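Please work through the following exercises with the sequence and the model side by side.

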Amino acid sequence: KISIVSILVAYLAFKWTAPRFDPESLKGARVLVTGASTGIGEQMAYHYARFGAQIVITARREKVLQQVTEKCLSLGAQKALYIAADMASESDPDKVVDFALEKLGGLDYLVLNHIGPTPFAMWEGDMEHTRWLMKVNFFSYIQMAWRALPSLEQSKGSLVVVSSLLAKMTNPFTLPYSSTKFALNGFFGSLHHELAIKKSNVSISICTLGLIDTESAMDKVRGVTKIPAYPATEAALNIIIAGATRQLDLYYPWFTQVVHIMKELFPWATNYVIQNYSYNYNP
Ligand code: NDP
C-alpha cells in the first residue's frame with residue numbers, strides 16, 4: 001500500500017541523491033543569457049560573472065547592456081560581451097546565437113529568459129499585441145534553442161528556460177503572457193522527451209517562478225495583489241543551479257510547487273480563491 005510516509009521518503013531520497021552544485025563547474029563556462037539588461041537576467045549575468053564564466057548577454061538596449069557587461073568584468077567574468085537584438089525580429093535570434101558561438105567558441109549554457117512588455121489587464125481582444133508577444137516570448141526561444149543545439153550537444157551543455165507558475169495554472173489579467181509561457185512549457189517539455197529518446201547529451205531545465213521583485217513585475221502588481229514577491233538575485237541563483245545540476249524542473253520559491261499541486265487536486269477551490277481573493281479588481 002502506498003502511504004504518505006512512503007511518498008515522503010521517496011521524495012527525500014530523490015532530493016538526497018540529486019547532484020550537488022559545484023560552483024567550480026561554472027569557471028570558464030560559455031554562457032548566453034537573454035533579457036539580461038534588467039531584472040532576473042541581469043542578476044544571472046552577475047552570478048555567472050562571480051563564478052568566473054564567459055558570458056554573452058543580450059536585450060534591446062545597448063547602453064544598459066554595456067553597463068551590465070562592465071559590472072560582470074569587475075565581478076570576475078572571464079569574458080563579458082553583449083549584442084543588442086530585438087527578439088521580435090525573425091533574424092535576430094539566429095544572429096545572437098551565432099555571435100555567442102563565434103565569440104566564445106561554442107556554448108555550454110543557453111539561458112532563455114527575455115520577455116516583451118505586456119499589460120496587466122483584462123483581455124480586450126488585442127490580437128496584434130498577442131501575435132507580437134508570441135514572437136518575442138515563444139518563437140525566438142525555439143529558434144535560438146534549435147540554432148544552439150549542435151554546439152550544446154558537443155559540449156554536453158544545458159538549455160535553461162525561464163518560465164512561470166502562470167504556465168502551470170491559468171490566472172486573470174495576463175492572458176497573452178500566460179499563453180506564451182504555456183507554449184514554452186509544452187514545447188520544451190516535449191523536446192525533453194525527444195532528446196531523451198535520441199540519447200542526446202543536452203539537458204533541459206524548465207524554471208517555474210512565482211512572483212519575483214523585479215521592477216517590471218512590481219510596477220504591474222503594486223496595490224493589485226498581496227501575493228509575496230521573492231528576490232530576483234535569489235531567483236537568478238536558483239535558475240543557474242538548476243541548469244548546472246541538469247534538473248528538469250525548478251520551482252522557486254518552493255511553495256509554487258505546492259500551489260501547482262493544490263490546483264491539480266482541488267481545481268474548483270483554487271479557481272474560487274483566484275477569482276475572489278487573489279486580486280483587487282477595480283475597473
Ligand atoms: P524584466 O521585464 O525585468 O526583463 C525583461 C528583459 O527582456 C529585459 O532585459 C528586456 O530588455 C528584455 N526584452 C524585452 N523585450 C525584448 C525584445 N523585444 N527583444 C529582446 N529583449 C527584450 O523581466 P523579469 O526579470 O521580471 O523576468 C525574467 C523572466 O522571469 C521572464 O521569462 C519572466 O517570464 C520570468 N518570470 C518573472 C516573474 C516576475 O515576477 N518577475 C514571475 C514569473 C516568471 P530591453 O528592454 O533592453 O530589451
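A salt bridge is a side-chain nitrogen of Lys or Arg within 4 Å of a carboxyl oxygen of Asp or Glu. This is a predicted model, in which local features need pLDDT of at least 70, side-chain atom pairs count only at pLDDT 80 or more, and totals for chains, interfaces and linings use all residues. Residues are numbered from 1 along each chain as its sequence is written, and side-chain values use heavy atoms, with hydrogens and water left out.

**Exercise 1.** Find the salt bridge that R30 forms, and state how far apart the closest N and O atoms are.

Solution. Starting from R30, the partner is D108, and the closest N and O atoms are 3.0 Å apart. The pair connects distant parts of the chain, since R30 belongs to strand β1 (residues 30–34) while D108 sits in the loop between α4 (92–104) and β4 (109–112), 78 residues apart; helices (H or I, at least four residues) and strands (E, at least two) are DSSP runs, numbered from the N terminus. The next step is to look at burial, where buried means under 20% relative accessible area, exposed over 50%, and partly exposed in between (1.4 Å probe, protein chains only). By this scale both R30 and D108 are buried.

**Exercise 2.** Describe the surroundings of the ligand, and say which element supplies the largest share of the shell.

Solution. Begin with the count: 31 residues surround the ligand, the closest being R60, R61, Y177, T214 and S216, where a residue is near a molecule if one of its heavy atoms lies within 4 Å of it. The shell divides into 15 nonpolar, 12 polar and four charged residues. Turning to the elements, α2 (39–50), α5 (127–155), β5 (158–164), α6 (175–197) and α7 (215–221) each give at least two residues of the shell, and the largest share, three residues, comes from β5.

Then consider individual atoms. An oxygen atom of the ligand lies 2.7 Å from a polar side-chain atom of R61, and an oxygen atom of the ligand is 2.8 Å from a polar backbone atom of I40. A polar backbone atom of M87 is 2.9 Å from a nitrogen atom of the ligand. Taken alone the ligand exposes 890 Å², of which the protein buries 93%; these areas come from the Shrake-Rupley method with a 1.4 Å probe.

**Exercise 3.** Examine the backbone: which residue is joined to P253 by a cis peptide bond?

Solution. The cis peptide bond joins Y252 and P253, with omega about -10°, and P253 lies in the loop between β7 (249–252) and α9. Next, F173 has a positive phi of about 75° although it is not a glycine; F173 lies in the loop between β5 and α6 and counts as buried because its relative accessibility is 8%. R246, which is not a glycine either, has a positive phi of about 55°. R246 lies in the loop between α8 and β7 and counts as partly exposed, at 30% relative accessibility.

Definitions and conventions:
Polar contact = N/O pair within 3.5 Å; in protein donor to acceptor, adjacent residues only side chain to side chain. Nonpolar A, V, L, I, M, F, W, Y, C, P; charged D, E, K, R; others polar.
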